[in-house]
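Have the structure open as you read.

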Amino acid sequence: MSLVHKPLPHDAAPLHVTGEARYVDDIPTPTGTLHLAFGLSEIAHGEIVAMDLGAVKTAPGVVAVLTGDDIGHADCSPSNNDEPLLALGTVHYVGQPVFLVIADSHLNARKAARLGKISYAEKPAILTVDEALAANERFEEGPRIWERGSPADAIASAAHVIEGRLEMGGQEHFYLEGQAALVSPQEGGDMHVVSSTQHPTEIQHKVAHALHLPMNAVRVETRRMGGGFGGKESQGNHLAVACALAARLTGKPCKMRYDRDDDMVVTGKRHDFRIDYKVGVDENGLIQGVDFIHYTRAGWSMDLTLPVADRAMLHADNAYWLPNIRIESHRLRTNMCSATAYRGFGGPQGLLGIERVMDHVAHELGLDPVELRKRNFYRASEPARSGAGTGKRFSAEHSPKQPEQSGVQTTPYGQPVEDFILHEMLARLEQTSDYAARKQAVAAWNAANPVLKKGLALTPVKFGISFTLTHLNQAGALVHVYQDGSIHLNHGGTEMGQGLFQKLAQVAASAFGVGMDAVKITATDTAKVPNTSATAASSGSDLNGMAVKAACDTIRDRIAEHLAERHQTSADKVVFAEGRVQVGGEDLSFAEAAMSAYQARVSLSSTGYYATPKLAWDRVKGEGRPFYYFAYGACCAEVVIDTLTGENRILRVDILHDAGASLNPALDRGQVEGGFVQGAGWLTTEELVWDAKGRLRTHAPSTYKIPACGDRPRQFNVELWTGANPEDTIHKSKAVGEPPFMHGIAVLMALSDAVAACGDGSDYVALDAPATPERILAAVKRQRGGYV
Amino acid sequence: MSKIHVQATVNGDSVEFLADPRETLLDCLRDHLDLTGAKEGCGTGDCGACSVMLNGRLVSSCLVLGVEAEGAEISTIEGMADGNELHPLQRKFIEHAALQCGFCTPGFLVAAKALLEKNPDPSESEIRFWLAGNLCRCTGYDKIVRAVQDAAAEMRGAA
């Protein structure tokens with residue numbers, strides 16, 4: 001009986017439902033622990049002329065106050081060394097930490113932090129894409145440009161040329177647990193850090209750097225986060241570094257957590273994008289050439305903007321064969337919080353660009369959007385799959401650049417698409433969602449109802465799996481078997497609710513043929529597994545799963561060899577199953593086998609290591625194989641809008657998602673459902689509003705609306721595609737963290753469809769995101785020639 | 001600021017603590033009584049992660065002052081199970097995988113229990129409206145609603 005592929009509940013579920021699960025702020029702290037809070041910049045750009053911190057220093061409970069002058073450049077950037085913990089003379093955004101208060105309680109620290117009087121010489125703030133372009137404020141020397149074929153010629157000679165612009169907002173992570181860190185000074189100046197982070201090694205690195213210590217003097221532990229979503233890949237650095245500096249100064253344990261408003265103002269969010277597009281298509285809607293220009297507001301520092309913007313470019317094709325393509329990407333520096341990693345990491349933004357193009361082309365040509373999408377799909381990985389439209393596909397005279405009708409097609413960056421399964425997946429989803437009949441039913445409804453209009457859409461997802469910074473695609477594990485047969489499991493991945501720890505415990509239990517209760521899941525710890533990558537890019541189970549398996553297999557093989565020798569048989573004849581070990585007619589418990597190996601002086605501890613194969617990538621040229629494989633999925637969404645108010649509801653959603661041979665279908669379905677709802681939130685209710693002074697006006701759940709219970713689809717059908725990953729991944733599974741997020745795109749397209757039902761078909765809806773009720777109402781008005 | 005002595009009943013036990021008059025009930029539970037099951041998600045009563053029962057009413061404990069608990073009867077997530085015997089809602093949340101990061105879970109459970117005490121047979125709409133004050137960023141809510149429905153059905157059957 002193998003435990004992998006079983007729908008077991010989250011490992012900590014019994015702790016979660018009783019309130020026993022400990023997050024950073026729940027850990028009992030020693031008496032005398034100090035608490036920290038930042039004083040924040042109140043302007044978007046300027047020089048600090050004077051700081052009067054007298055009232056801060058004399059406020060109740062305050063122990064010390066630090067400024068940039070006191071600590072110098074304690075860097076918190078994950079990339080460019082351009083983020084001092086505290087502003088050094090210049091402030092770059094509203095909410096930038098300027099001074100640090102150390103006090104005897106969280107409340108006293110926060111109250112004191114509001115008492116600083118800072119005078120500034122204000123400078124003009126760059127807040128918009130246009131302002132940044134005019135000032136040439138950007139990261140890298142100029143736009144990144146990738147090109148394949150001859151897009152300009154292909155567009156010029158195409159039967160139809162369609163142009164447009166799409167704007168999409170950013171997104172606040174809104175992890176329910178805010179950022180938090182606790183640092184305890186150890187003997188000899190060492191530091192022990194507990195952090196709510198997706199990247200313990202980065203916390204270790206930044207703390208060591210700030211304290212001028214070698215990394216071996218800093219130990220970071222993370223048992224769990226109350227949600228991460230990318231927001232805890234780099235944004236926790238500041239709290240850990242601040243606590244470490246304060247701990248060194250005071251010799252006391254120091255804790256810091258942002259309250260929600262501070263968290264939303266200080267930390268980075270998803271990058272918003274403007275995408276300009278120009279596309280040439282033939283009579284059948286086949287894309288001949290396409291030109292994208294991406295503009296993203298990166299905020300004041302570089303953070304992870306380069307790989308995010310790269311990934312947006314890498315997903316400009318989504319699931320479609322684009323023979324001639326140019327993508328130009330502008331990474332703009334603005335006086336705002338520094339945009340950062342967020343589930344999908346630019347992928348959703350790039351993908352939405354081509355999905356908007358599909359929607360627009362379908363409108364112009366009067367084609368069903370699903371039919372158009374299928375015609376443009378990459379060729380199926382197996383020959384002779386007759387996808388719709390393939391018969392006529394290359395018949396147009398003006399498509400000399402089309403390759404032969406067979407063979408593997410490549411992405412714009414030259415990676416062969418060898419595992420393309422969307423033809424089959426779409427066919428199945430069209431059937432299970434009853435797309436064609438419901439399309440007619442929606443049309444009939446819209447013909448009969450003047451006020452409530454319905455919309456239906458079905459969109460595919462193809463998402464590349466691997467870190468695009470190739471060296472990050474490695475992982476380690478450490479496994480011990482104790483003499484009583486109990487197993488201690490550790491690896492470099494972090495748990496943020498996604499169920500990684502349980503999946504990897506299943507891998508370990510399965511390797512030893514024992515039950516789940518034999519495996520102890522332990523906190524991620526830089527002292528056990530070093531040099532880890534962030535738990536990000538959906539890579540957690542792919543990378544760490546293989547490392548765990550390697551470690552377990554090593555120990556199991558040692559036990560097998562020992563027992564085989566004792567029974568004068570070969571190691572491959574030793575069977576580990578159901579908590580028993582069978583060898584040469586003898587039947588031992590796993591504990592007896594472990595004890596026997598221990599007494600024979602066989603090591604029962606091993607590391608495991610994994611590096612993803614086949615990767616080679618040149619990001620400047622935009623060429624190579626950045627991804628080990630692709631994950632796929634498709635979503636059909638039906639919505640209704642109130643044309644008098646713009647109010648809207650998601651009526652029904654059908655998702656078919658590819659998790660390969662799922663390691664744990666219960667957890668994977670959870671990722672698909674939660675990812676979809678979060679993606680739908682990004683494109684509908686979640687609106688970030690900065691005012692003309694650069695102040696974020698939506699810095700609490702009172703004004704920033706993540707989906708609530710009533711926003712989920714009334715009917716929500718989720719199915720996992722049953723197919724193994726053709727690549728050699730951990731038990732043939734596929735990564736599942738980010739790809740389902742993009743199923744939310746179906747909701748935006750369905751809303752666009754509903755709005756289109758208000759007009760006569762002459763004008764394209766061009767619905768930007770987030771499609772708030774206000775935006776929907778304005779779009780309805782445009783369709784109705786100015787009248788609602 | 002001088003502290004105020006507060007005496008209350010929490011999960012059936014008589015407790016007393018000294019509260020700064022500015023402290024919230026949430027902070028008192030977490031910092032003075034070591035009951036860290038209720039969480040601070042927003043501090044403004046919008047997310048429901050700090051939900052507890054105060055004299056039979058579901059409240060956001062971040063919007064109640066600790067000193068208001070004087071003489072009150074409070075129940076928190078820590079008192080939901082009967083010893084090692086989980087409440088049906090707790091069991092159903094595990095069975096239905098109605099949690100991921102778990103940070104919002106205690107609040108959802110306390111709120112859902114309050115609903116089922118008032119209304120043992122809630123419709124899907126009633127569940128949706130009742131839980132509108134609890135935010136979850138991970139699950140997409142579907143499994144939470146199903147878990148509550150299932151627990152309600154079991155409790156009706158058992159009663």
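Between chain A and chain B there are 22 residue pairs in polar contact, both at pLDDT 80 or more; a polar contact is a pair of N or O atoms within 3.5 Å, where within protein one must be able to donate a hydrogen and the other to accept it, and residues adjacent in sequence count only if both atoms are side-chain atoms. This is a predicted model: local features need pLDDT of at least 70, side-chain atom pairs count only at pLDDT 80 or more, and totals for chains, interfaces and linings use all residues. Residues are numbered from 1 along each chain as its sequence is written, chains are lettered from A and ligands numbered from 1 in the order written, and side-chain values use heavy atoms, with hydrogens and water left out.

**The A–B contact**
- Chain A puts in 51 residues and chain B 43 residues (contact means heavy atoms within 4.5 Å).
- You'll find 8 salt bridges between chain A and chain B (a Lys or Arg side-chain nitrogen within 4 Å of an Asp or Glu carboxyl oxygen).
- One to click on is A:Arg712 with B:Glu124, a salt bridge whose closest N and O atoms are 2.7 Å apart.

**A sheet in chain A**
- Strand S27 (residues 629–642) and strand S28 (residues 648–658) of chain A pair in the antiparallel sense over 9 bridges (strands are DSSP E runs of at least two residues, numbered from the N terminus; pairing takes at least two DSSP bridges).
- A:Gly633 sits opposite A:His657 in S28(A).

How values were computed. Helices (H or I, at least four residues) and strands (E, at least two) are DSSP runs, numbered from the N terminus.
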